[in-house]
Amino acid sequence: MSKIKIIILLSIFVFVSFRYSTEARHIIGGVNTKILASYVDMKMRIQEKIDEHLSQQEEIQRLRSENQTLQKSAVLSIAFASKLSDMLKEHNVSGYHPSVTMVESIGYTNLNDYGKVWLKFDAFDQNKIYGLLQQGYAAGIVVANDGHPQGLLLSDPKAIFAVYVGNQKMQGIAQGNRKEVLVKYISQWLQPQVGDEVITSGLDQIFFEGIKVGVVTEVIDEESSKTVVVKPYVTTHVPSYMHVIVQN
């Protein structure tokens, strides 16, 4: 090949390189960007799956641990109930067989009243008042409304039941006022304190004794008694599942 042909070919190559190099780099760069984006997206998806799997494993481990604790509590409760029944029989008292059942809250009775809920409660007896529980804490009571089971939550003024306040078991009556939960009619000479725990007394046969209600946040001196303001341990939201004490 002559030198002239070689020079012409080199010139054409240089021209084409300068003319099309920007477009070529743009095309190649676009392809690389798409590949990189796909890689990042795939990496994120894989990481999300890994995180989801780890979260599920942690949740399974937590539930297994809780299940073991609940199984232990159930066994101890059965043993305690059996021993208690034997002791009661020795004193000619019938055995103690408390019972609870799960119910479902299906909606507020009134849209502007968050203290009353309708319940799906198959074994409801409209002649009884039931204690209402959520997450193991006192959540209110169950009464009849036109023959249907209605849950009166702690904030409702008609949700009234007997309680103890503090380690001295100062007797009082828990009642809502739509905004707060109060414990009224505590004897004037007693000394309830902020931080005292409030539990059900069982004296009204609505709850068992010892179910936690909340903690005292304020003490109010009345003319002939004392009242305390209580912060409940549980705030009920609907729809949710709760338990009802069907046999005290």
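Thr101 has Val244 as its bridge partner in β12, and that bridge belongs to an antiparallel pairing of β1 (residues 99-110) with β12 (residues 240-247) that runs over seven bridges; strands here are DSSP runs of E, at least two residues long, numbered from the N terminus, and two of them pair if DSSP finds at least two bridges between them. Please keep in mind that this is a predicted model, in which local features need pLDDT of at least 70 and side-chain atom pairs count only at pLDDT 80 or more, while totals for chains, interfaces and linings use all residues. Residues are numbered from 1 along each chain as its sequence is written, and side-chain values use heavy atoms, with hydrogens and water left out.

Strand β12 is also joined, antiparallel, to β3 (residues 130-134) through three bridges, where Gly131 is partnered with Ile245.

Both Gly131 and Ile245 are in contact (heavy atoms within 4.5 Å) with Phe207, whose list, leaving aside neighbours within four places in sequence, also includes Ile141, Phe161 and Thr200.

Now to Ser201, which lies in the loop between β9 (197-200) and β10 (212-221). Is this serine buried or exposed? Ser201 is buried, because its relative accessible area is 3%, and buried means under 20%, with exposed over 50% and partly exposed in between, using a 1.4 Å probe and protein chains only. Not counting residues up to four places away in sequence, Ser201 touches Ala162, Val163, Tyr164 and Glu209.

Technical notes:
Helices (H or I, at least four residues) and strands (E, at least two) are DSSP runs, numbered from the N terminus.
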